[in-house]
Amino acid sequence: MQGGERYNSIGNWLKNYFGSKTVKLSIEAGFTCPNRDGKVGYGGCAFCSSGGSGELSSTIEEQIELLSNKWPDAVYLAYFQSHTNTYAPVSVLRDKFYSALSDPRISGIAIATRPDCLDEDVLDLLDEINREHFLWVELGLQTIHKETSDMLGIGYDLACYDKAVSELRKRNIRVVSHLILGLPGESREDMFESVRHAVNGGIWGLKLHLLNIVSTARMNEMYHDYIPFESIDEYTDLVVDLLEIIPEDITMHRLTGDVPRSILVAPQWSYKKRTILNEINRKLRERNTFQGKALLNNEE
Ligand code: SF4
């Protein structure tokens with residue numbers, strides 16, 4: 001961790017790695033999702049908004065134009081975020097990924113996908129890209145608990161996720177896992193177990209999502225009055241506790257949620273992203289703690 005930071009934020013990690021502010025450009029590459037088109041299921045995971053969990057994307061050109069005034073020296077990564085970005089014939093994937101990488105302003109790519117969409121030929125392509133370019137692959141784990149996963153209708157099991165992590169790691173590909181905090185029926189210990197499983201699997205990065213119930217997701221009908229956490233205080237206490245059990249070399253890509261306010265149903269305070277992050281930092285300082293601290297204590 002650098003610059004007095006108390007957790008290993010991906011922003012700082014990338015700045016150190018590339019030597020400049022690094023910005024992810026969200027790419028809408030036109031993929032769909034097997035949990036929406038019927039191959040695995042219809043309607044998507046219960047928490048997923050109809051935009052495929054990535055409403056904020058526009059083209060590389062438009063985004064760089066907007067950002068270049070603010071950060072003239074920024075390094076850009078193309079982030080294939082919406083839907084399932086390895087769900088297409090490998091020739092199509094090759095075209096899309098190399099088309100982004102052929103732009104001289106793009107220094108690497110990040111690919112979000114499902115663990116059940118990583119066939120051997122896709123892994124070979126990712127391996128090839130990873131040898132020449134900066135790459136990470138994001139996988140949605142969300143929870144390790146079968147009952148919750150079944151309720152969400154995710155459509156793959158923990159063994160499938162574990163195998164995908166292992167196949168990517170075998171090829172030295174950086175893996176970022178997603179977990180959701182505040183899922184219905186899950187206790188604090190359930191969330192700790194999910195985090196422990198994820199961080200013990202050899203991942204490079206982790207996203208902790210605050211569960212946001214959005215008007216366009218199935219969950220809004222299933223759990224209309226459900227509020228994942230009553231307050232910012234309750235949520236940030238949990239995040240700080242979780243950071244203590246996450247090894248310090250794991251890059252933290254997200255500590256809260258991020259959905260457009262126009263579709264946010266609950267928790268209503270979730271759009272205050274800056275306040276939530278400030279509160280996490282304040283509590284880390286106040287408790288004089290940091291990412292991985294509980295693991296250091298265990299080693300003593
Ligand atoms: S969360 Fe991902 S896997 Fe689930 S429906 Fe949305 S795009 Fe598909």
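I began with Asp 258, which counts as partly exposed at 36% relative accessibility; the model I am reading is a predicted one. I then looked up its partner and found that the side chains of Asp 258 and Lys 273 meet in a salt bridge, 3.5 Å from N to O. Asp 258 sits in the loop between strands S8 and S9 while Lys 273 belongs to helix H10, so the pair ties together parts that are 15 residues apart in sequence. Lys 273 is partly exposed as well, with a relative accessible area of 31%.

I went on to Glu 128 and Arg 94, whose closest N and O atoms are 2.9 Å apart in a salt bridge. This pair links distant parts of the chain, with Glu 128 in helix H4 and Arg 94 in helix H3, 34 residues apart. For the structure I noted 19 salt bridges, and also a network that links Arg 188, Asp 233, Asp 237, Asp 241, Lys 283 and Arg 287.

Next I turned to strand S5, residues 174-181, where eight of the eight residues are buried, so the strand is largely enclosed by the rest of the structure. Arg 174, Val 176, His 178 and Ile 180 point one way from S5, whereas Val 175, Ser 177, Leu 179 and Leu 181 point the other way. I checked the neighbouring strands too: S4 runs parallel to S5 and is joined to it by six bridges, and S6 also pairs with S5 in the parallel sense over six bridges. Together S5, helix H7 and S6 make a right-handed β-α-β unit.

Definitions and conventions. Residues numbered from 1 in each chain as written. Predicted model: local features only at pLDDT ≥ 70, side-chain atom pairs only at ≥ 80, totals over all residues. Heavy atoms only, no water. Buried < 20%, exposed > 50% of the residue type's maximum accessible area, 1.4 Å probe, protein only. Helix = DSSP H or I, 4+ residues; strand = E, 2+ residues; numbered from the N terminus. Pairing = 2+ DSSP bridges. Right-handed = clockwise from strand over helix to strand, strands pointing away. Salt bridge = Lys/Arg side-chain N within 4 Å of Asp/Glu carboxyl O.
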